[in-house]
Amino acid sequence: MNQRYLQAYQAAAATRSQRDQDAEVFQGVVRGLRAAATELERVRALADARRLWQTVLVACRDDTNPLPKPLRAQIVSVAEAVTQNLASPNTDLDFVVEVTEAIGYGLAGRSGPASAASSVLPPDPERLSCPA
């Protein structure tokens, strides 16, 4: 029975773009953060968020990443802000949710909360450089 579910997932994944799959990952992290009702669930959701944003940092710092370097630099800037927040003992959960949701909406090609998109993008992308 599990094999059937796996095959169904693989078939569905094959028909979706990488961008759609990435958007789903971001949206899943947001759902987990919002649904965390107990301390254990919150710890797990925050760990998922950390893994996601650390993966984003690694991917954007990779020179073989096909995204334009200025865009990668902007994403690195956002990812560093989120990972620093997640490393803090006083994590601002609303900030993490808002930024993660904004990126997920952008990947899905949907507009999300107006405040989210404007609050996470660096003001001057020309001054940014993608760290090696």
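Predicted model: local features only at pLDDT ≥ 70, side-chain atom pairs only at ≥ 80, totals over all residues.
Which residues is L33 in contact with, leaving aside its neighbours within four places in sequence? Contact here denotes heavy atoms within 4.5 Å, and on that basis L33 is in contact with A45, L46, A49, L93, V96 and V97. Residues are numbered from 1 along each chain as its sequence is written, and side-chain values use heavy atoms, with hydrogens and water left out.

The secondary structure of the protein comprises six helices and zero strands, in the order α-α-α-α-α-α from the N terminus. Helices (H or I, at least four residues) and strands (E, at least two) are DSSP runs, numbered from the N terminus. Of the 132 residues, 29% count as buried; buried means under 20% relative accessible area, exposed over 50%, and partly exposed in between, with a 1.4 Å probe and protein chains only. The accessible surface comes to about 8500 Å², with 54% belonging to carbon and sulfur atoms; accessible areas come from the Shrake-Rupley method with a 1.4 Å probe, and for residues only the protein chains shown count as cover. Among contacts between residues at least 6 apart in sequence, 55% join residues at least 24 apart.

The mean pLDDT (the predictor's confidence in each residue, from 0 to 100) is 84, and 77% of the residues reach 70 or more. Over residues 114–132 the pLDDT is below 50, and this stretch has 24 contacts in the model beyond near neighbours in sequence.

Helix α3 spans residues 39–61, has 23 residues and reaches 33 Å from its first C-alpha to its last, close to the 33 Å expected at 1.5 Å a residue. The expected span is 1.5 Å times one less than the number of residues in the helix. Buried positions in α3 are A45, L46, A49, L52, W53, V56, L57 and C60, and the buried residues of this helix pack against α2 (18–35), α4 (69–87) and α5 (93–108). By contrast, T55, also placed in helix α3, is exposed, with a relative accessible area of 52%. T55 and A79 are 24 residues apart in sequence and 9.3 Å apart in space, C-alpha to C-alpha.

A nonpolar core is a set of buried Ala, Val, Leu, Ile, Met, Phe, Trp, Tyr and Cys residues joined through side-chain atoms within 4.5 Å. In the largest such core, which has 22 residues, L33, W53, V56, V82 and L86 touch the most other members. Two or more residues are given to this core by each of α2, α3, α4 and α5, and α3 gives the most, with eight residues.

A search of the whole structure finds one aromatic pair. F26 and W53 form this pair, which is edge-to-face, at 5.5 Å centre to centre and 80° between the planes. F26 lies in helix α2 and W53 in helix α3, so the pair ties together parts that are 27 residues apart in sequence. Rings of Phe, Tyr and Trp (its six-membered ring) pair if their centres lie within 6.5 Å; planes under 30 degrees apart count as stacked, over 60 as edge-to-face and the rest as tilted. F26 counts as buried at 7% relative accessibility, and W53 is buried with a relative accessible area of 1%.

In helix α4 lies N85, which is buried, with a relative accessible area of 15%. Not counting residues up to four places away in sequence, N85 touches T91, D92, F95 and V96.
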